[in-house]
Amino acid sequence: MRTVKEISELTGISVRTLHYYDEIGLLKPTEKSSAGYRYYDEKALEMLQQILFFREFDIPLKEIKAVMENPALDKNQILRMQRNMLTEKKQRMERLIASIDSILKGENKMDFAVFTRTEMEAMFQAMYEHMPDDIRNVAIQEFGSAERWKKHYLEAVSAEEMQRGYAKAAEWYGGKEKYLSAIQNPVSKEAAEIFNKRIEAVLQKLSDRRSCPEDSFAVKECVGEYGFVMKQLCQVSEERGIMLATARTYRNEPMKSGIDEKYGKGAAEFFARAIETFYKEAE
């Protein structure tokens with residue numbers, strides 16, 4: 001058994017934080033003495049390690065607790081989930097380091113060529129497979145079938161304006177190939193589910209604040225949190241461009257109808273204005 005002080009010295013986590021984890025039920029001590037002293041065994045240390053892995057991604061304690069208490073997930077499943085998340089973070093860091101090395105060597109050549117039809121079809125397929133089920137179903141219902149949706153998508157992204165937008169997106173990732181790779185190899189399903197739940201919670205909170213002005217602190221707080229989650233989910237170093245692009249999608253069908261149906265009429269336009277206000281002010 002180890003005391004709180006020993007756990008703190010071993011992990012670098014403050015005694016106060018360990019006390020708080022106990023209070024919220026995230027990490028209970030194995031035993032408590034009659035004097036109220038906390039003691040932890042090796043199993044508790046393993047749980048703390050898993051908690052710290054999740055904290056590397058700034059996942060809220062409430063969501064970490066929900067994952068840790070999920071009876072459908074055993075220890076190995078949680079560890080595999082965390083390994084995938086850490087591997088993806090490592091790969092992202094390696095891409096950023098390689099990009100910096102290229103800049104230092106004067107070899108930072110960006111490829112902004114127009115996407116080929118084959119590439120656009122691959123982009124659609126990746127989007128189709130990884131988007132939330134409810135949004136996918138709304139889109140299929142709107143267009144009548146997945147094939148009609150795909151045809152509409154290919155026509156839309158072939159437009160010059162859209163191609164310029166995708167070229168800008170490629171810039172965020174460090175080149176067209178890296179952008180396509182990120183689309184076709186997104187974060188793991190488990191990680192994506194966590195991020196999507198966070199986004200849904202943020203959008204619900206933002207919807208609840210629709211009576212507030214777009215430039216109010218209450219709204220900015222939500223948009224800032226939304227941007228932070230999107231930055232992690234999309235694996236970009238700066239989320240402003242992606243957030244402004246997301247704002248534009250809220251004004252386009254079928255996304256607009258899907259958002260309004262889920263969060264209330266006018267929600268899509270409010271989300272778009274709130275995002276634009278937040279990020280344009282940051283210019």
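Is W149 buried or exposed, and what is its relative accessible area? W149 is buried, with a relative accessible area of 6%. Here buried means under 20% relative accessible area, exposed means over 50%, and partly exposed lies in between, with a 1.4 Å probe and protein chains only.

The model is predicted: local features need pLDDT of at least 70, side-chain atom pairs count only at pLDDT 80 or more, and totals for chains, interfaces and linings use all residues. Residues are numbered from 1 along each chain as its sequence is written, and side-chain values use heavy atoms, with hydrogens and water left out.

## The chain as a whole

The protein chain has 15 helices and 3 strands. Helices (H or I, at least four residues) and strands (E, at least two) are DSSP runs, numbered from the N terminus. Of its 283 residues, 38% count as buried. The chain exposes about 16,400 Å², and carbon and sulfur atoms supply 51% of that area. Accessible areas come from the Shrake-Rupley method with a 1.4 Å probe; for residues, only the protein chains shown count as cover. Among the contacts with a separation of 6 or more, 62% join residues 24 or more positions apart. A contact means heavy atoms within 4.5 Å.

## Nonpolar cores

A nonpolar core is a set of buried Ala, Val, Leu, Ile, Met, Phe, Trp, Tyr and Cys residues joined through side-chain atoms within 4.5 Å. The largest one holds 52 residues, and F54, Y226, Y250 and F271 touch the most other members. Leaving aside neighbours within four places in sequence, the contacts of Y250 include L203, Y226, M255, I259, F271 and I275. Another core lies apart from the largest one and has 18 residues, among them M120, M131, L154 and V157.

## Aromatic pairs

A pair of aromatic rings is described by the distance of the centres and the angle of the planes. Rings of Phe, Tyr and Trp (its six-membered ring) pair if their centres lie within 6.5 Å; planes under 30 degrees apart count as stacked, over 60 as edge-to-face and the rest as tilted. The structure holds 8 such pairs. One of them, Y128 with W149, is tilted, with 5.7 Å from centre to centre and 55 degrees between the planes. Y128 belongs to helix α6 (residues 117-130) and W149 to helix α8 (residues 146-157), so the pair ties together parts that are 21 residues apart in sequence. Y128 is partly exposed, at 23% relative accessibility. Another pair, Y263 with F271, is edge-to-face because its planes stand at 70 degrees, with the ring centres 5.7 Å apart. Both Y263 and F271 are buried. F124, Y128, W149 and Y153 form one aromatic cluster.

## Helices with a buried side

In helix α2 (residues 15-23), the buried residues are L18, Y21 and D22. They cover an arc of only 100 degrees around the axis, which puts them on the same side of α2. The arc is that of the directions from the helix axis to the C-beta atoms. R16 and E23 are exposed on the other side of α2. The cover over the buried residues of α2 includes α1, β2 (31-32), β3 (38-40), α3 and α4. Just after α2, G25 takes a positive phi of about 80 degrees.

Helix α10 (residues 176-184) has K176, Y179, L180, A182 and I183 buried. These residues span an arc of only 160 degrees around the axis, which puts them on the same side of α10.

## Single residues

| Residue | Relative accessibility | Class |
|---|---|---|
| S8 | 16% | buried |
| F57 | 10% | buried |
| E142 | 45% | partly exposed |

S8 sits in helix α1 (residues 4-11). Its side chain reaches the backbone oxygen of I13 at 2.6 Å. Not counting residues up to four places away in sequence, S8 touches I13, S14, V15 and L18.

F57 is in the loop between α3 (42-55) and α4 (61-68). With residues up to four places away in sequence set aside, F57 touches M85, L86, K89, R198 and Q232. F57 and L86 are 29 residues apart in sequence and 8.8 Å apart in space, C-alpha to C-alpha.

E142 is found in helix α7 (residues 133-143). From C-alpha to C-alpha, E142 and S257 are 9.0 Å apart in space, and 115 residues apart in sequence.

Technical notes. Polar contact = N/O pair within 3.5 Å; in protein donor to acceptor, adjacent residues only side chain to side chain.
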